[in-house]
Amino acid sequence: MQPEHGVTVALEPASPGVIAVTDLAPSGAGPHAETLGLVGESAALRDLCSRIAAHAKSSATVLIRGETGSGKELVARAIHRLSPRVSRAFVPHNFASIPDTLVESELFGHARGAFTGAHADRPGLFEVADGGTLFLDEIGDASASVQSRLLRVIQEGEVRRLGDGRTRRVDVRIVAATHRDLAAESRAGRFRADLFYRLHVLALDVPPLRHRREDIPALAAHVLERLARRDGLVIRGLRPEALERLRAHDWPGNVRELEAALTRAAYLADPGGIIAAHDLGADLGGAGPLLVRERHATLRGRTLAYEAELIRTALDAHRGNRSRAARALGLTRQGLWKKMRRLGVCGSADPAD
Ligand SMILES: Nc1ncnc2c1ncn2[C@@H]1O[C@H](COP(=O)(O)OP(=O)(O)OP(=O)(O)O)[C@@H](O)[C@H]1O
Ligand SMILES: [Mg+2]
């Protein structure tokens with residue numbers, strides 16, 4: 001394997017008592033990794049993949065349901081990839097990350113002068129996705145007014161930009177996702193029932209990771225290989241107890257939490273590149289809730305939160321000793337101190353430090 005940085009990635013056999021990364025998934029990343037980007041070969045994942053293939057053929061709206069971090073966006077992309085629309089755009093929109101006031105102009109577009117700041121005509125994402133797929137992520141967060149406009153566009157196949165009388169025909173396949181129980185939300189009057197039925201023509205449930213634990217080793221190998229390729233961080237293997245902990249954990253943050261836990265462990269692992277059980281931290285879920293909480297923040301915000309979390313974990317692992325934590329993170333002691341100040345991480349005073 002030849003990473004971008006020119007570092008040779010050595011995923012060769014590890015020492016006795018260590019499970020080599022290459023042995024985690026002896027039969028590879030599973031039959032759907034290449035075509036769909038979905039790693040794993042549990043019965044639940046296979047079933048999901050065959051449903052994706054079946055649903056990809058039609059243009060009907062799909063509602064993807066699943067817990068946070070379970071892979072809903074990957075599934076949406078896989079549907080598009082297998083669909084006849086593959087040569088056209090896949091356009092994602094996340095309701096949770098854009099303020100309500102901007103959503104309508106973002107989705108439906110606006111005419112010049114439609115509101116203060118609308119200096120030019122602008123097409124909305126429905127027009128951008130014409131011929132392709134529009135991914136409406138966190139649809140459960142759409143406001144009542146956006147829900148009613150969406151319903152109209154879906155029913156009529158036409159959009160009207162804000163402040164513009166003209167209607168424009170669009171041919172858009174909608175794939176929506178939510179971690180909420182939309183049926184319950186609509187019974188409670190928080191989501192329009194008529195829109196729910198329009199979205200729910202086809203449905204896909206992404207199973208939580210704890211219901212397909214067989215996928216954990218292949219996913220772990222996938223994450224570690226990517227770390228090696230992308231960051232030049234070479235992990236050769238895991239102690240069996242570490243793998244056992246990965247298998248036993250309940251993963252409330254699903255695959256994203258697994259990625260975070262392994263990334264953190266990889267940075268904490270000994271210089272020989274072997275992940276031990278204690279590198280996974282006392283509470284495996286440590287990074288999960290943070291990432292879950294931060295998941296709608298900007299990329300920069302999330303990266304900074306993640307950096308802060310890695311630093312806290314390294315400090316904990318070395319009982320607050322900054323020199324050792326810095327070494328484990330590949331930083332100088334001063335570099336670590338600067339980052340701690342910038343990120344607002346307070347290290348406990350360590351007399352030995
Ligand atoms: N089967 C899988 N194979 C490989 N990577 C996966 C798989 N499932 C999820 N991932 C990875 O896990 C992370 C979370 O996936 P994704 O963003 O699709 O989840 P989500 O359900 O949309 O999460 P959220 O509810 O937080 O938006 C991503 O980095 C994704 O690449
Ligand atoms: Mg998502």
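The model is predicted. The shell holds 18 residues, and V39, G71, K72, E73 and V255 come nearest to the ligand. By class, the shell has 5 nonpolar, 8 polar and 5 charged residues.

**The protein as a whole**

The protein has 16 helices and 12 strands. Its chain counts 353 residues, of which 39% are buried.

**The five-stranded sheet**

One open sheet has 5 strands with parallel pairing. The strand order is β3-β6-β9-β2-β10. Strands β3 (90-94) and β10 (202-206) form the edges, and each of them pairs on one side only. From one strand to the next, the twist averages 20°.

Strand β6 sits between β3 and β9 in this order. On one side, β6 runs parallel to β3, joined by 5 bridges. On the other, β6 (residues 133-137) pairs with β9 (residues 173-178) in the parallel sense over 4 bridges. Individual residues mark these pairings. N94 stands opposite D137 in β6. T133 has R173 in β9 as its bridge partner. F135 stands opposite V175, also in β9.

How many of the residues of β6 are buried? The strand is mostly covered, with 5 of its 5 residues buried. In a regular strand, side chains alternate between the two faces of the sheet. Here T133, F135 and D137 point one way, while L134 and L136 point the other way. Both sets are buried.

A142 lies in the loop between β6 and α7 (144-156). Is A142 buried or exposed? A142 is buried, because 24 other C-beta atoms lie within 10 Å, and 20 or more are enough for that label. Leaving aside residues up to four places away in sequence, A142 touches F95, Q147 and L150. V103 is 39 residues away from A142 along the chain, yet their C-alpha atoms are separated by 8.6 Å.

**The three-stranded sheet**

Another open sheet has 3 strands in the order β1-β11-β12, with mixed pairing. The edges are β1 (19-20) and β12 (274-275). Each has a single partner strand, so one side of each is left without a neighbour in the sheet. Strand β1 pairs with β11 (residues 237-238) in the antiparallel sense, over 2 bridges. Within this pair, A20 stands opposite G237.

| Strand pair | Sense | Bridges |
|---|---|---|
| β3 and β6 | parallel | 5 bridges |
| β6 and β9 | parallel | 4 bridges |
| β1 and β11 | antiparallel | 2 bridges |

Note on methods: Residues are numbered from 1 along each chain as its sequence is written. Chains are lettered from A and ligands numbered from 1 in the order in which they are written. This is a predicted model: local features need pLDDT of at least 70, side-chain atom pairs count only at pLDDT 80 or more; totals for chains, interfaces and linings use all residues. Two strands pair if DSSP finds at least two bridges between them. Axes are lines fitted to C-alpha atoms, for helices over the stretch in contact, and angles run from 0 to 180 degrees between N-to-C directions. A residue is near a molecule or strand if its C-beta atom, placed from the backbone, lies within 6 Å of it. Ala, Val, Leu, Ile, Met, Phe, Trp, Tyr, Cys and Pro count as nonpolar, Asp, Glu, Lys and Arg as charged, and the others, Gly among them, as polar. A residue is buried if 20 or more other C-beta atoms lie within 10 Å of its own, exposed if 12 or fewer, and partly exposed in between; C-beta atoms are placed from the backbone. Two residues are in contact if their C-beta atoms, placed from the backbone, lie within 7 Å.
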